[in-house]
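Reader: Could you take me through this structure and show how its labels are reached?

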Amino acid sequence: MEWLAQQPQTLFLGQTVAGPGTFMFQTLRDIPKDRALEMPVNESFQMQFTIGLALAGYIPISVYPRQNFLLIATADMVNMLDKIPVISSYQWVPKVIIRVASGPDTPVHPGHQHVGNYAEGFKKMFTWIEVVELNEPEDIFTAYKHALERTDNKSTLLIEHGNFYQQK
């Protein structure tokens with residue numbers, strides 16, 4: 001995440017990006033505070049704000065700590081973000097990076113509303129958003145680098161697994 005934060009057009013936004021609260025914050029704690037925008041618990045608004053930032057020329061990294069909560073923003077992804085290339089008269093297509101995880105189920109199971117994995121469903125929904133499930137921790141950096149540097153400007157949904165953060 002520190003590498004992404006060094007890129008001039010990136011901005012992180014989401015829940016617990018500017019302060020602790022979920023396991024994902026540990027990967028964001030060293031990014032500059034002026035690159036992290038804490039959002040309220042309002043997932044649909046967050047996605048709409050993310051799309052607005054992308055249309056303004058930023059490359060937002062929109063962080064959702066759980067896939068279950070990203071479901072609330074899915075309508076905005078399907079009906080807006082995924083359709084911009086089709087309906088747009090822009091000469092360029094805005095790029096968004098969406099970071100989401102299935103929550104860790106150890107050492108304590110947090111409840112079924114925190115551990116869902118909807119990767120296969122997401123893959124079937126989108127045309128212009130690539131869905132990448134990160135099943136090996138060593139693939140994370142390469143996948144984020146590709147999402148940022150891709151030349152087709154597709155948006156990317158990167159799915160991490162919370163249990164990776166429990167490993168030592």
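**How the labels are reached**

Author: In this predicted model, helix H2 has among its residues a buried set made up of Glu43, Ser44, Gln46, Met47, Thr50, Ile51, Leu53 and Ala54.

Reader: How do you know that the span of helix H2 agrees with its number of residues?

Author: Helix H2 runs over residues 43-55, which is 13 residues, and at 1.5 Å a residue these should span 18 Å. Just after H2 comes glycine 57, which takes a positive phi of about 105 degrees.

Reader: What makes H2 and H4 roughly parallel?

Author: Helix H4 covers residues 74-81, and H2 packs against H4 at an angle of about 30 degrees, with their axes 8 Å apart. Angles under 35 degrees count as roughly parallel, and H2 and H4 are therefore given that description. The contact is made by Ser44, Met47, Gln48 and Ile51 on the side of H2, and by Asp76, Met77, Met80 and Leu81 on the side of H4.

Reader: Why is the pair of aspartate 82 and lysine 83 called a salt bridge?

Author: A salt bridge needs a side-chain nitrogen of Lys or Arg within 4 Å of a carboxyl oxygen of Asp or Glu, and the side chains of aspartate 82 and lysine 83 meet at 3.3 Å, N to O. The whole structure holds 6 salt bridges.

Reader: Are aspartate 82 and lysine 83 buried or partly exposed?

Author: Buried means under 20% relative accessible area, exposed means over 50%, and partly exposed lies in between. Aspartate 82, at 1%, therefore counts as buried, whereas lysine 83, at 27%, counts as partly exposed.

Reader: Where do glutamate 149 and lysine 145 lie?

Author: Both residues lie in helix H7, which covers residues 140-149, and glutamate 149 and lysine 145 are 4 residues apart there, about one turn of the helix. Their side chains meet in a salt bridge at 2.9 Å, N to O. Glutamate 149 has 43% relative accessibility and so counts as partly exposed, and lysine 145, at 31%, also counts as partly exposed.

Reader: Which residues are linked with Arg150 in a network of salt bridges?

Author: The network links Glu130, Arg150 and Asp152. Within it, the side chains of arginine 150 and aspartate 152 meet at 2.7 Å, N to O. Arginine 150 counts as buried because its relative accessibility is 9%, while aspartate 152, at 34%, counts as partly exposed.

Conventions. Residues are numbered from 1 along each chain as its sequence is written. This is a predicted model: local features need pLDDT of at least 70, side-chain atom pairs count only at pLDDT 80 or more; totals for chains, interfaces and linings use all residues. Side-chain values use heavy atoms; hydrogens and water are left out. Helices (H or I, at least four residues) and strands (E, at least two) are DSSP runs, numbered from the N terminus. The expected span of a helix is 1.5 Å times one less than its number of residues. Buried means under 20% relative accessible area, exposed over 50%, partly exposed in between (1.4 Å probe, protein chains only). Axes are lines fitted to C-alpha atoms, for helices over the stretch in contact, and angles run from 0 to 180 degrees between N-to-C directions. Angles under 35 degrees count as roughly parallel, over 145 as roughly antiparallel, 65 to 115 as roughly perpendicular and the rest as oblique. Contact means heavy atoms within 4.5 Å.
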